[in-house]
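Please keep the model open while reading.

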Amino acid sequence: MTHYSVFSLLKNTLGGHKGWPRAWRDPEPKARYDVIVVGGGGHGLATAYYLAKNHGITNVAVLERGYLGGGNVGRNTTIVRSNYELPGNTEFYEHSLKLWEGLSQDLNYNVMFSQRSVINLAHSDGQMDAYARRGNRMRINGIDSELLSRDEVREKAPYLSFENARFPIYGGLSQPRGGTARHDAVAWGFARAADLRGVDLIQNCEVTGFIREGGRVTGVETTRGTIMAGKVGLAVAGSTTELTRKVGLDLPIESHVLQAFVSEGLKPMIDQVITFGAGHFYISQSDKGGLVFGGDLDGYNTYAQRGNLPLIEDVMTEGVAMIPALSRLRLLRHWGGIMDMSMDGSPIIDKTPIDGLYLNTGWCYGGFKATPGSGWCFAHTIARDEPSPYNTRLRLDRFARGHTIDEKGSGPVPKKH
Ligand SMILES: Cc1cc2nc3c(=O)[nH]c(=O)nc-3n(C[C@H](O)[C@H](O)[C@H](O)COP(=O)(O)OP(=O)(O)OC[C@H]3O[C@@H](n4cnc5c(N)ncnc54)[C@H](O)[C@@H]3O)c2cc1C
């Protein structure tokens with residue numbers, strides 16, 4: 001396999017780019033693996049990579065029902081941050097952000113991680129107080145944050161509507177180390193690096209059921225036959241409950257659709273990630289020039305990867321309230337992805353009560369930024385049968401124990417997180 005470097009680029013440029021090998025193999029599934037990871041999204045691929053890299057477990061298969069990266073990892077708005085304040089989330093997301101900072105070098109694949117800062121706008125005194133509290137808690141936990149005055153926001157983002165009588169801008173909270181990454185490069189980078197360490201990536205292979213012996217999960221039924229496994233880890237995002245239903249496991253998870261939008265390409269205009277504080281709207285500009293943005297869930301339970309028109313109107317209204325110039329823009333495309341919304345808005349990385357079955361779910365709006373951290377922690381949990389220091393609080397039984405991690409204080413209503 002070629003090591004990507006300036007020398008391999010030069011060599012292949014001279015050869016007319018005809019000599020690049022495939023980025024990963026296309027193996028037939030074996031009869032048995034030590035670990036099967038179901039789901040070839042960001043989290044499944046990262047889990048396989050860290051199982052091999054951190055724990056030396058290489059007899060691993062990732063089973064993907066479609067193509068690698070065709071799920072939410074390739075459908076999101078790519079915002080990466082760790083601006084959380086509750087124990088459980090702070091240590092986990094900061095660990096993930098630190099992994100992002102070295103990821104391109106670690107994977108030998110440019111994931112285009114761009115630390116352009118994430119700024120949350122405040123539109124009232126009360127919201128400024130809440131951001132001051134959040135920023136202080138971030139700093140206490142060793143996470144970078146800066147409280148910005150209205151003038152400081154204006155200097156960084158002059159395109160915002162500062163004369164808006166309905167939603168005046170009072171200031172904002174910035175995380176300078178936050179930013180964006182290239183979504184499909186993350187999936188391909190983890191895929192290539194996992195394959196290099198011996199992991200089998202099996203596409204067009206849907207898991208349709210589980211093999212159980214004496215209660216323990218010992219394998220899976222798939223559209224490409226039965227495959228046995230020492231352990232099975234689920235990393236299927238919005239499809240989690242479709243699968244856990246097959247083993248009689250009821251989860252505190254609902255599936256909802258979230259839409260994303262990309263505009264026609266513009267010259268550089270927005271050089272941060274900015275979020276609207278008087279509703280739910282977030283925007284950044286891709287390296288190709290398109291504005292990438294999104295808002296709320298559509299608000300009803302579904303497994304369909306498409307959304308409806310009223311939500312589009314809602315997102316555009318918020319966008320134009322924040323940046324009036326958006327009203328002159330043409331929308332290029334939009335799509336939906338299925339979100340695994342948990343009851344408290346925080347994720348679950350844990351063993352299940354069923355022997356041999358492990359769970360990675362509940363990512364809500366925030367699973368892309370979690371990708372390296374999630375894979376790192378899930379691999380640890382699967383390999384050692386216990387959580388790592390970064391996911392000790394992200395357990396499934398926290399709902400029964402009453403130790404929920406409700407960052408927004410919205411209560412047990414998944415669509416509100
Ligand atoms: C529109 C949108 C915008 C978002 N924006 C952000 C953002 O800005 N920042 C952020 O941090 N997060 C964001 N997210 C959330 C983030 O994308 C997800 O939380 C994260 O990608 C989920 O993990 P994953 O990558 O492993 O999921 P996926 O890529 O969905 O991977 C799951 C895979 O499992 C496969 N699968 C399902 N069932 C089976 C089966 N039975 N057998 C085999 N394979 C199966 C699917 O085909 C899929 O490929 C957004 C999500 C959406 C939809």
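The text below covers charged pairs, a surface patch, aromatic rings and cysteines.

This is a predicted model, in which local features need pLDDT of at least 70, side-chain atom pairs count only at pLDDT 80 or more, and totals for chains, interfaces and linings use all residues. Residues are numbered from 1 along each chain as its sequence is written, and side-chain values use heavy atoms, with hydrogens and water left out.

**Salt bridges**

Side chains of opposite charge can pair when their charged atoms come close. The criterion here is a side-chain nitrogen of Lys or Arg within 4 Å of a carboxyl oxygen of Asp or Glu. Searching the whole structure gives 21 salt bridges. Three of them are tabulated, among them the pair of R224 and E28.

| Pair | N to O distance |
|---|---|
| R224 and E28 | 3.4 Å |
| R182 and D184 | 2.8 Å |
| R398 and D344 | 2.8 Å |

Which parts of the chain does the R224 and E28 pair tie together? R224 sits in the loop between β10 (216–222) and β11 (225–234), and E28 in the loop between α1 (6–14) and β1 (32–38), so the bridge joins parts 196 residues apart in sequence. Helices (H or I, at least four residues) and strands (E, at least two) are DSSP runs, numbered from the N terminus.

R224 is partly exposed at 31%. E28 is exposed at 60%.

R398 forms its salt bridge with D344. The pair links distant parts of the chain: R398 is in helix α11 (residues 398–401), and D344 is in the loop between β16 (331–342) and β17 (348–351), 54 residues apart. Both R398 and D344 are buried.

There is also a salt-bridge network, which links E94, K98, E101, D144 and R177.

**Nonpolar patch**

V6, F7 and L10 make a nonpolar surface patch of about 350 Å². Patch members have over 30% relative accessible area and no salt bridge; like charges are joined within 9 Å, and nonpolar side chains (Val, Leu, Ile, Met, Phe, Trp, Tyr) within 5 Å. Areas come from the Shrake-Rupley method with a 1.4 Å probe; for residues, only the protein chains shown count as cover. V6 belongs to helix α1 and is exposed, at 52% relative accessible area.

**Aromatic rings**

The whole structure holds 14 aromatic pairs. Rings of Phe, Tyr and Trp (its six-membered ring) pair if their centres lie within 6.5 Å; planes under 30 degrees apart are stacked, over 60 edge-to-face, and the rest tilted. One of the pairs is W376 with Y390, edge-to-face at 5.5 Å centre to centre and 70° between the planes. W376 is in helix α10 (residues 371–384), and Y390 is in the loop between α10 and α11, 14 residues apart. Y390 is partly exposed at 29%. Elsewhere, ring pairs link Y84, F92, Y93 and W363 into a cluster.

Charges also sit over rings (NZ of Lys or CZ of Arg within 6 Å of the ring centre and within 35 degrees of the ring normal). R154 lies over the face of F162, at 4.6 Å from the ring centre. R192 lies over the face of Y4, at 3.6 Å.

**Cysteines**

How many disulfides does a search of the whole structure find? The count is zero, with a disulfide taken as a pair of cysteine sulfur atoms within 2.5 Å. For C377, the nearest cysteine sulfur is that of C364, 17 Å away. C377 is buried at 0% relative accessibility, and C205 is buried at 1%.

Key
Buried means under 20% relative accessible area, exposed over 50%, partly exposed in between (1.4 Å probe, protein chains only).
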